[in-house]
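Here's a quick briefing to read alongside the model. Have the sequence and the 3D view open as you go.

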Amino acid sequence: MTMERFPLPGTDILESDIRSIPGIDHGPDLYLEFQGQRLLNLASNNYLGLAGSEKIKEASIRAVEKFGTSSGASRLISGNYSLYSALEEALCRFKNTAAALVFGSGYAANLGILSTLAHRKCLVFSDRLNHASIIDGITLSRATHVRYRHADPEHLEYLLAKKPVQAPKILITDTVFSMDGDKAPLPEILNLCKKYRVLTIVDEAHATGIFGKGRGLVHELGLQQDIDLHMGTFSKALGSYGGYAAGSRKLVDLLVNRARSFIYSTSLPPAVVGAGLEALQQIQARPEQGPRLLEISCALRSHLQELGFDTGSSTTQIIPVIMKSSRAVLQAHAELVQAGIYTGAIRPPTVPADSARLRLALRADMTSQEVELVKKAFCKLSTRQPLDEQK
Ligand SMILES: Cc1ncc(COP(=O)(O)O)c(C=O)c1O
């Protein structure tokens, strides 16, 4: 009946690209439950295992006991409470900025940041593989979206040089790409931004907790002075929830006054803000965790490459195993489940057509036995003819 009155979009989707919510329990833990099985979890972004930290859980419970279960309103009305200022002050110290603002999620942060700073007359230069929240933020801003080839400063310069000198320009890039696990060429990109007078925004969602003693890739490379606004999220290595923007007082005040995803949304509940605050402390107390995770990742990636798997240009804790067809990825995913391992099965439109992949998100709390289990499972997978090559 509905179809007769209104043709629903997306009904032409390939069967192997249709998604459904998997019946998973304990999703952030090192072992999750799936179809009655206990599986090693390489699908979550809880890279450092902090979502299960006793100290963070206790901080979250303390926050609930003191402030209740909801903030009750937007921050600008009555939804503010002292933990929020404590979290934003901690963020300023963490990112070494004058000001910071917490948003309801990383997605809401990118929407709010881009729709505030960009406008109809702006050009926003964005890496082709930037996260969906960045793309949506640019769309919402109504600015001209200028997509440059992935991690390609030459193409970026070619596009920058073609545009009018006086047009206001913004550049935004993920620092670690979520589905490819490679890093943005920040020094080259930021040099171009200086040359062409471009406002710079970085999304450190997947670098936070891992690089730069947890502070992100920009800090690892000592490029803080070249960034106008740092964006990130508490939802990945920080094991909590909520997004943030950190930068000058002027930019943050503008966001407070203009970012609609901040203004017109109830602020985060105390449990989440309390957890985020403790997580920032935990990350700073254990700066060795990021390098340890990168070491594990490097060894496993080399092993996968020796077995003949295509790991793209990954250099971080995120390792794609690219298989082209969605069918091949689903088959490999099912075989890994048989071997006791749960990975992300990533298909278009999340990744471009013909580049479906397993996404391994490694974790610092994996033991060497668990790394061995993964190696063995992929070794077995490599011995059968890939589905992509089957007739
Ligand atoms: C690069 C990047 N930016 C932003 C987000 C959105 O963050 P959140 O999940 O906190 O909304 C994500 C999460 O998937 C991400 O990968």
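Which are the buried residues of H13? They are Ser326, Ala328, Val329, Gln331, Ala332 and Leu336, where buried means 20 or more other C-beta atoms within 10 Å of a residue's own, exposed means 12 or fewer, and partly exposed is in between, with C-beta atoms placed from the backbone. Keep in mind that this is a predicted model: local features need pLDDT of at least 70, side-chain atom pairs count only at pLDDT 80 or more, and totals for chains, interfaces and linings use all residues. Residues are numbered from 1 along each chain as its sequence is written.

**Helix H13**
- H13 covers residues 326–338, 13 residues in total; helices (H or I, at least four residues) and strands (E, at least two) are DSSP runs, numbered from the N terminus.
- From first C-alpha to last, H13 reaches 19 Å, close to the 18 Å expected at 1.5 Å a residue (the expected span is 1.5 Å times one less than the number of residues).
- The buried residues of H13 pack against strands E11 (318–324), E12 (341–346) and E13 (356–361), plus helix H14 (368–383).
- Just after H13, Gly340 has a positive phi of about 90 degrees.

**The sheet**
- Six strands form an open sheet in the order E1-E2-E3-E12-E13-E11, with mixed pairing; strands pair if DSSP finds at least two bridges between them.
- E1 and E11 are the edge strands, each pairing on one side only.
- H13 packs on the sheet, touching E2 (31–34), E3, E11, E12 and E13, and its direction makes about 170 degrees with that of E12 (axes are lines fitted to C-alpha atoms, for helices over the stretch in contact, and angles run from 0 to 180 degrees between N-to-C directions).
- E3 (residues 37–42) and E12 pair in the parallel sense over three bridges, and Leu40 stands opposite Ile341 in E12.

**Ser16**
- Ser16 sits in the loop between helix H1 (2–5) and strand E1 (24–25).
- Why is Ser16 partly exposed? Because it has 16 other C-beta atoms within 10 Å.
- Beyond its neighbours within four places in sequence, Ser16 is in contact with Ser326, Arg327 and Leu330 (contact means C-beta atoms, placed from the backbone, within 7 Å).
- Ser16 and Ala328 are 312 residues apart in sequence, yet 9.5 Å apart in space, C-alpha to C-alpha.

**Domains**
- The domain assignment gives domain 1 (2–51 + 288–384) and domain 2 (69–285); such bounds come from an automatic or database assignment.
- Their centres, taken over C-alpha atoms, are 26 Å apart.

Methods
Contact = placed C-beta atoms within 7 Å.
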